[in-house]
Amino acid sequence: MNTLQSIYENKLVAVIRGAREEEIVSIAKALREGGINILEITAETPNVLPLIERLSSEFGSEVTVGAGTVLDSETARAAIMAGAEFLFSPTGNAATIQLSKRYGGVSIPGAMTPTGGLMAYEQGADLVKLFSANIMGPRYLKDVHGPLPHIPLMPTGGVNLDNIEEYFQNGAVAVGLGSALINMNQPINETTLREITKKASQFMKKIKSY
């Protein structure tokens, strides 16, 4: 199964922002125990490239690792060379999209409007991240999907246990989960790791029929 197929099948991408190297494997294991095995490490995280390398080496094909908050083509190439299989961006930078595709990465740029989404897709995006989804909510996803049914949309930002089903009902092919799944403001210990596993399992149960 290739990376894009894996995202379509698993439907949930865990966004890990600000993790430390000594925490990253434990977080990944906790997520896997809850059923989530697609992980995004945001590019502003200190030592992000070694973190991507470590997860890729530790889990191999069992976990799909990508980079997030990728703002330029230089960062995109470095992340792919470190083992990132997909790249998330908050914007639709054409050079970043094209570089991602050139080196075999799945490109998922962000957009908030139909115009932005269409431009990103025409530049070669595999999916378009509707960001930040919480501003408009699930109904807006349906409105965008209506005239652009050929563009796969992935809402990120504000997706939680209360609204995740509505996003899929309105056309999402996958979603990105950040603080609703992993609260990096709390210390990472056995208690918080169990909570991460519990939340991951709850999210997976919510979407099992989609």
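Colleague: Among contacts in the chain between residues at least 6 apart in sequence, what percentage join residues at least 24 apart?

Modeller: In this predicted model, the figure is 60% of those contacts.

Colleague: How do you know whether the chain agrees with a compact globule?

Modeller: The radius of gyration is set against the value for a compact globule of 210 residues, which would be near 17 Å; the chain has 16 Å, so the two agree. The C-alpha atoms fill a box of roughly 45 × 40 × 30 Å along the principal axes. Of the 210 residues, 50% are buried.

Colleague: Which secondary structure elements does the chain have, and how many?

Modeller: There are nine helices and nine strands.

Colleague: What describes a pair of packed helices?

Modeller: Two values do: the angle between the axes and the distance between the axes.

Colleague: Then what makes helix α3 roughly parallel to helix α4?

Modeller: The axes of α3 (residues 48-59) and α4 (residues 73-82) come within 8 Å and cross at roughly 30 degrees. Angles under 35 degrees count as roughly parallel, and therefore α3 is roughly parallel to α4. Their crossing is right-handed.

Colleague: Which residues of α3 and α4 meet?

Modeller: On the α3 side they are L49, I52, E53 and S56, and on the α4 side A78, A79 and A82. Sorted by class, this contact has five nonpolar residues, one polar and one charged.

Colleague: What does the contact between α4 and α5 consist of?

Modeller: From α4 come S73, A76, R77 and I80; from α5 come A95, T96, L99 and S100. By class there are four nonpolar residues, three polar and one charged.

Colleague: Take T96, which is found in helix α5. How do you know whether T96 is buried or exposed?

Modeller: Its relative accessibility is 2%. Buried means under 20%, so T96 counts as buried.

Colleague: Which residues does T96 touch, not counting residues up to four places away in sequence?

Modeller: T96 touches V70, L71, D72, S73, A76 and S89. Among them, S73 and A76 belong to the α4 side of the contact with α5.

Methods. Residues numbered from 1 in each chain as written. Predicted model: local features only at pLDDT ≥ 70, side-chain atom pairs only at ≥ 80, totals over all residues. Heavy atoms only, no water. Axes fitted to C-alpha atoms, helices over the stretch in contact; angles between N-to-C directions. Helix = DSSP H or I, 4+ residues; strand = E, 2+ residues; numbered from the N terminus. Parallel < 35°, antiparallel > 145°, perpendicular 65-115°, else oblique. Left-handed = near helix turned anticlockwise from the far one by under 90°. Contact = heavy atoms within 4.5 Å. Nonpolar A, V, L, I, M, F, W, Y, C, P; charged D, E, K, R; others polar. Rg over C-alpha atoms; globule rule 2.2 N^0.38 Å. Buried < 20%, exposed > 50% of the residue type's maximum accessible area, 1.4 Å probe, protein only.
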